[in-house]
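Notebook open, structure loaded. I want to go through a helix contact, a strand pair and the aromatic rings.

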Amino acid sequence: QFWEVAGEYPDGQALEDGEFSIALAPAPLETFFAWFEKGAATGADNAHVALVGSGKGERALIYSVIEAHFPGLEAVSQGVGEDREVAVYIRGKAPKPTADENIRAQGIRLYKFAREAGLTQHSQDEIVERLATGTLTDELKGLWEKRAAEQEVVERLLLAVAQDDANCVKEICRKCPGVTNVAHVDNSELPLLVAARLNCENAARALV
């Protein structure tokens, strides 16, 4: 297998059209990154190499090679869907994420929802980027709408449990059957376990 590699090469080595092919294997990658690191370390701040056409497995290989052998480099994924690629920079020089904390928190939740639903082709960073740019797929959008609404109910139920409010617990369970079996996405806690941990006997009875 081969990748097309494009980027800025500050050590002066000219490449035709800025692209060439390297074998998809750790050894050639190590050789290539060593060459890039040597030149980029004394080059422009934005010196980078973008490995295009890389799927999720190939991106994972890039990250593993960088982490194992090149502490002076860092890899970041950018773009969405089929256009997602890996870019490698001198450590500390990569562009910082632009998503605000609220978007990032939503993205982390959606990533968990996606994995639970078997949608493992999307990385967490890609989902955050899709949320920030409004480019969620219809599948992810539908999943988010369903599970986010469900989590709002779970949070109301957990609050009622913490307050040991049996009447409120019963009302929520009446309106939303099955919610007692849904864990909170952030900590995986079920309502009944929360009631037991907090010694909320009235809420516990209402849940069962």
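Below are my entries, in the order I looked things up.

**Entry 1: what I'm working with.** I'm looking at a predicted model, so everything I jot down here is computed from it.

**Entry 2: strands.** I started with β4, residues 73-78, and checked burial. The strand is mostly covered, with 5 of its 6 residues buried. Next I looked for its partner and found β5, residues 85-90, running antiparallel to β4 over 6 bridges. I wrote down two of the facing residues: glutamate 74 sits opposite tyrosine 89 in β5, and valine 76 has alanine 87 of β5 as its bridge partner. For β5 I count 6 of the 6 residues as buried, so this strand is largely enclosed by the rest of the structure.

**Entry 3: helix packing.** I then moved to α3 (residues 101-116) and α5 (residues 138-162). Their axes come within 10 Å and cross at roughly 105 degrees. Who touches whom? On the α3 side I list Gln106, Arg109, Leu110, Phe113, Ala114 and Glu116; on the α5 side they meet Leu140, Leu143, Trp144, Arg147, Ala148, Gln151 and Glu155. Sorting the contact residues by type gave me 7 nonpolar, 2 polar and 4 charged.

**Entry 4: aromatic pairs.** How many aromatic pairs turn up in the whole structure? My search returned 2.

One is phenylalanine 33 with phenylalanine 70: ring centres 5.9 Å apart, planes at 80 degrees, so I call this pair edge-to-face. The two are 37 residues apart in the chain, with phenylalanine 33 in helix α1 (residues 26-40) and phenylalanine 70 in the loop between α2 (56-69) and β4, so to speak a link between distant parts of the chain. I checked burial too, and both phenylalanine 33 and phenylalanine 70 are buried.

The other is phenylalanine 113 with tryptophan 144. Their ring centres are 6.1 Å apart and the planes are at 40 degrees, so I put this pair down as tilted. This pair also links distant parts of the chain, with phenylalanine 113 in α3 and tryptophan 144 in α5, 31 residues apart. Both residues were already on my α3 and α5 contact list.

Entry 5: Are phenylalanine 113 and tryptophan 144 buried or exposed? Phenylalanine 113 has 1% relative accessibility and counts as buried. Tryptophan 144 comes out at 18%; the cut-off for buried is under 20%, so tryptophan 144 counts as buried as well.

How values were computed
Residues are numbered from 1 along each chain as its sequence is written. This is a predicted model: local features need pLDDT of at least 70, side-chain atom pairs count only at pLDDT 80 or more; totals for chains, interfaces and linings use all residues. Side-chain values use heavy atoms; hydrogens and water are left out. Axes are lines fitted to C-alpha atoms, for helices over the stretch in contact, and angles run from 0 to 180 degrees between N-to-C directions. Helices (H or I, at least four residues) and strands (E, at least two) are DSSP runs, numbered from the N terminus. Contact means heavy atoms within 4.5 Å. Ala, Val, Leu, Ile, Met, Phe, Trp, Tyr, Cys and Pro count as nonpolar, Asp, Glu, Lys and Arg as charged, and the others, Gly among them, as polar. Buried means under 20% relative accessible area, exposed over 50%, partly exposed in between (1.4 Å probe, protein chains only). Two strands pair if DSSP finds at least two bridges between them. Rings of Phe, Tyr and Trp (its six-membered ring) pair if their centres lie within 6.5 Å; planes under 30 degrees apart count as stacked, over 60 as edge-to-face and the rest as tilted.
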